[in-house]
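Please read the following report alongside the sequence and the coordinates.

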Amino acid sequence: MRKYVIMLVCLAFPSIPQARQNEIHINAKTHTFPNGLELVVVERHWSPTASFIVRFKVGSADERPGITGSAHLLEHMLFKGTETLGTTNYAAEVPLMARIDTLAHELTQAIDRARGPLYRGDTREVDSLKAAIAKLQEQQRQYVVKDELWETLLRHGGTFLNASTGNDGTQYFVSLPSNKAELWAFMESDRMREPILREFYSERDVVYEERRLRTDNDPFGKLWEQLYAAAYTAHPYGWPVLGWASDLETVLREEVEVFFHQYYSPNNVVIAIVGDVKFEDTVKLIDKYFGSIPPSVIPPPAVQTVEPEQNGERRISVEYDAEPQLAIAWKSPAGGGVDKEVFDVIASLLSRGRTSRLYKSLVEERQIAASVSASSDFTRFPELFTISATPKAPHTSEELEAAIYEEMGKLALDGPTTWELERVRNQIEADFVRGLQSNFGMMFRVSDMQALVGDWSYIEKVNERRKAVNAADIKRVMAEYLTKEKRTVAYLVKPEEKIPVPQAAHMNEFKQGRAK
Amino acid sequence: MKKALISVLGPVIILAFTYSFASDLISPGAKIIENMKFPELNWQVPEVGKQVTRTVLPKGLILYLMEDHELPLVNANVMIRAGSIYDSRDRMAVAGITGTVMRTGGTKSFSPDSLNTLLEFISGSVECDISTEVGSASMSVMAKDLDIGLKILYEVLRYPKFDTAKINLEKSQIRDGIRRRNDRPGRIIGREFSHLIYGDHPYGRILEWSDVMNISRDDLVAYHEKYYHPNNIMIAFSGDFDTKSLLKKVKNIFGDWPIAEIVFPPMPEVEYKAKPGVFVINKNLTQANITVGCLGIKRDNPYRYAIALMNFTLGGGSFTSRLTGRVRSDEGLAYSVGSSFGTNSRDYGTFQAHAQTKTNSTYRVLQIFKEEFEKIGRDLATEHEFETARDAYINNFVFQFDSPEEVVNRLMSLEYDNFPPDYYRKYLDNIRAVTIEDMRRVAEKYLKPAEMTIVVLADTSQISGDLRDFGQIQYMTLEEPKVD
C-alpha cells in the first residue's frame, strides 16, 4: 500500500556493466500561493515522519560592506522569538530594547573613535557602553522565554533541527513526527511574519565566537576565507558568510531589521516538505498559516555587481601554526550557466574515488599528497571551481601544485577515456537515486533547486546535461577556463618566526606535564 | 507469543503534551500550542519476526534482512567481533591498518585496481574498517549489481590479499595524520582529555609513529585470520531484493566458509578512578578550548535513562539546556557549548562538558560549569525541564527507525552489543519511569565538581582570573609529534 516517491520506467539496457537500467523521477507537487510563496511537497509514507524546510532566497551575497554577516546573524536571530513566542511580556521589552539600541549606536561610534587617531587604543568608553548594554539585556531577560521555538520543536520530537546560511540562501529545517506538521507551520509562519530581534547584542557576540571557532582558529577555515577574498575583487562572494570581524563588532539591530524587511518576505521563500504528508492537506495548512503574510511591496533588490574578468594569476600565503595546505581556484559559471556541467564532470574525473586522476596519481602512486579534492558547486552567480590538497611530507606545496597542473595538463590534452566518462555518467545516475533515500536529503535538494532556478525538476535536467558532456567539451573547457592567468592560489604556511608566548604569572609554579 | 508482545506494548501512541508551568510565565504562543490537537501517531517498533527477518546460516553467519522496493538499491552493513581493544599498546595499530587494507589491498580474485575500477564503474561501494571495539564493512550497490556486490564483499571479508604497496600507503597516510595532529584545536583537546581520563587503556591511548612503522603484512594476515570467520560475523541487508532469493545467494556465496574457533584475549578494564585537576596546554589561539569531565557509566547501567534526561537538561539538549542557556544565550560567551554523557560504551564512558570561548572568558565559563554541576545534583529540575527532556526522548524515538537501513542496523547492533532483544520495546517505558528525583540523584552520584578533569587549551598569557579556584593546575606542553 506504499506510495512511490518515484516512478520507475524500465528502459532497454539489459545487463552489467551497463549501469543505466531504470529511469527514476522525483514525484514532487508544487503550489504557488497568492503572496508568492512557493511550496514543494514530496509524499513518502514509509515512516510517520516528515522533513520541513523554509528556504529564504537571501544569503551573504545580498549584503553590503559594513553589514557583512547579516544574513547569518538573522539565521541566529530568527530563533529568538516574536511578539507571540519567546516572551511573557513583549510590551515591557520594547522600551528596554529602545534603550539598548541607543547605547549600541553610541557604542558603534565609540568603536570608530577608538579606531581613529584621537582616541587610538582607548577602550574605556567602549567598555563602559558594553557594560551598560549587558545590564539592560539582563533586565530584559526577565521577560524572555529562552529559545522557546527551539525547545518546543525538540520537545515535540524535532530531529536534525537547525538552520544554515550560505552565499545564496538561508534555510531553517527540522524533521518531525508527521502528526506535528501544524505545530511547525504555526511557529515558522509566526517568525516569518514578524520576528523580534531580542537579545541581538549577546547573539552578535556568539557569532563572533563562531567566527573564532570556524575561521580564526581553524587553519582550513582561515585559508578558505583568504582564498575567496583574493579571488573576488568586486563580487560579494568574496566576503565570508560569517561576516568580517569588524562588521560583527559594529552592525546594529536596526540595520539587520532593515535587511530582514527587504528580503525575508513570502515572495522570496520556498517551502519544501518531504515525508508522510498529503499534498492537498499541506496546501491547506500552508495557506492557513502563511497565506496571510503580506509580500514585500518592493521586490528584493538584485545583486548588481559582476566580478570583472581576471587578467593574471593571484598568489597569496596565509600564515598559521599548522602543517601546510594548498588551495587553487578558478572562476566557473553559475549553476545552469553555459559549460557549468563540464566543470562538474571535470571535478569528478579529477578527484572522485580511488580511480580518479589526482587521487590515483598524487595520493596512491607518487604519494606526494595526503588528500586532494576538486569541487564544483551549483550557485546563483559564477563560483569558484576549486582544488584543495594536503601535501604529504617531505613533499612541499610547491611540488604538489606542480603535480596537480601536470595531471590537469594530461586531461586537457588527451581528454578523458571512454571508460572514465562512462564511470562518471553511471555515478551521476546512482548519486541521484541515493540522494532520494532520505526525506531530509531530498528536502534540501528540491528546495535548493526550486530557490535557485525556480524549478525543482532541474535536478533531473542538470543530470541529463552532465551526462551529455563529452571528451571534446572537457578539453575545450580546460583550455579556456582553467588557465594560469585566471587562477588564484593560496598556501597555508607556518609563521616565519614563532613569537614566544609568555606564561601567566599564576601558572609558574605548576608541575610540568606532557602532552602530544 | 506475538500476540502477547503486542498486548504488552500496544501501538506506540505519541500524544500532544501540555505545558504545566504557571500561566504568568507562559508566552502567548505557548497558550496557542497548548490548545492544538495533534492526531495520534500509530506506529510500532519494527521487530524481528514481523517486519524484519533474522536468520542464522549453518556456519554461524547471522543475517538481518528487510525489503524495501522504493528505490533500486541494496545496502549491507557488516559487523565483525574484533577491535584494537584486544591488543596491547605496541600492537594497537594492527587492527586499524588491517581494516583499511582489507579493502584497498585487493583480494584473491581482484587486484587493488580492478576492485576500484569495477566498483566505481557500477557506482557501488564496498568499504571496511576496524575500530576499537568493532570490525565493520559495508556494501551499497544498485539492485541489478547485487551479485557482483556480494561477490566482492565476500572476497574482501574472506580473501583479502594485503598488497604490500597498499600497506605502505596506509602507513604513510597514518604518519601524515600524526604529523598534523596538532593543527586543529578540537583534535588536540579531544585526544588529551581521553588520554588523561583513560591513560594507556585502549579508550585513551595515543597512536605514535613508532607503533606503526614496524607493522608488517604478516601482522595483518594473522589479525584477519584470527577474527574473520562466519561464526563471528553479522550482516544486515536492506533494500530492493526478495528475501528468499537473497538468502539463497548469500548461502551460495558464503556457504563454504568454515567455522573456526576464536579465542578472544581478555579486554583490559578501565580503572574507575578520578583524575582531578586543571590541565593547561598552551597554544597560540584567540579562543580557549575547554573540556571538563570524568568517567561515567557502562551501558548496562540501569540509570542510563535517568542520566540521558539529566544530561539533556544540563547540557545535552542544545538550546534547551542550562549550560547553553547561560554560557551562550545569556552571556554570549560561546558558539559551541554543551555536554555529553556517554551511555552506550561497553566499559566506563565519559561525561564531558565543553566550550570554546574567547580566552579571557575562560574563568567565567569554568565558573558557570561548576555552578551548574553543583546545582543539578543538589536541586530538583523544574517540572517544565523534566517534561521537556522526557517528551523530547519519547517523541523523537520514531526517528531511530525511519528507514529500513536504520532498522536492520539497529537490531543488529543490539545483538552485537548484547542488549536484550526487547530493549527497544521497553525503551519508552523506561524513559517514562524516570522521575525528577532520579535525575537529581544521578547528577549527584556522577557529577562531582571536585573530581573533574579540566583541560584548557589556550594562549595562557591571555587568561584572566586564577584557575587554581577549580583545582590544582598542571601545565602541559604540546610536543612536536615524532614521525621519523
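Predicted model: local features only at pLDDT ≥ 70, side-chain atom pairs only at ≥ 80, totals over all residues.

## Chain A as a whole

Chain A contains 17 helices and 14 strands. Its radius of gyration is 26 Å, close to the 24 Å that the globule rule gives for 516 residues, so chain A is as compact as a globular protein of that length. Taken along the principal axes, the box filled by the C-alpha atoms of chain A is roughly 70 × 65 × 50 Å.

Of the 516 residues of chain A, 49% count as buried, and among contacts in chain A with a separation of 6 or more, 78% are between residues 24 or more positions apart.

## An open sheet in chain B

In chain B, 6 strands form an open sheet with mixed pairing, in the order β3-β4-β8-β5-β7-β6. The edge strands are β3 (53–56) and β6 (125–130) of chain B, each of which pairs on one side only. On average, and with direction ignored, neighbouring strands of this sheet are turned by 15° against each other.

Helix α5 (residues 146–158) of chain B lies across β5 (73–80), β6 and β7 of chain B, and runs at about 160° to β7(B).

## Contact between the chains

The two chains meet through 86 residues of chain B, which are in contact with 85 residues of chain A. On the chain B side, the largest share is the 6 residues that come from strand β14 (residues 473–478) of chain B. By class, the side of chain B that touches chain A is made up of 37 nonpolar, 28 polar and 21 charged residues.

## Nonpolar cores

The largest nonpolar core has 215 residues, and those that touch the most other members are A:Ile271, B:Phe237, B:Leu309, B:Val408 and B:Met439. Helix α11 (residues 304–316) of chain B provides the largest share of this core, with 8 residues. Once neighbours within four places in sequence are left aside, B:Met439 is in contact with B:Ala306, B:Leu309, B:Met310, B:Thr313, B:Ala381, B:Phe386 and B:Val434.

## Backbone angles to check

Most residues other than glycine have a negative phi, and most peptide bonds are trans. Against that background, a cis peptide bond joins A:Ala393 and A:Pro394, with omega about 5°, and A:Pro394 is found in the loop between β12 (383–391) and α13 (397–414) of chain A.

Which residues other than glycine have a positive phi? One of them is A:Phe160, with phi near 50°, which lies in strand β6 (residues 159–165) of chain A; A:Phe160 is partly exposed, with 15 other C-beta atoms within 10 Å. Another is A:Gln367, with phi about 55°, which lies in the loop between α12 (357–365) and β11 (369–375) of chain A. A:Gln367 is also partly exposed, because it has 17 other C-beta atoms within 10 Å, where 20 or more would count as buried and 12 or fewer as exposed.

How values were computed
Residues numbered from 1 in each chain as written. Chains lettered and ligands numbered in written order. Pairing = 2+ DSSP bridges. Helix = DSSP H or I, 4+ residues; strand = E, 2+ residues; numbered from the N terminus. Axes fitted to C-alpha atoms, helices over the stretch in contact; angles between N-to-C directions. Contact = placed C-beta atoms within 7 Å. Rg over C-alpha atoms; globule rule 2.2 N^0.38 Å. Nonpolar A, V, L, I, M, F, W, Y, C, P; charged D, E, K, R; others polar. Core = buried A, V, L, I, M, F, W, Y, C linked by C-beta atoms within 7 Å.
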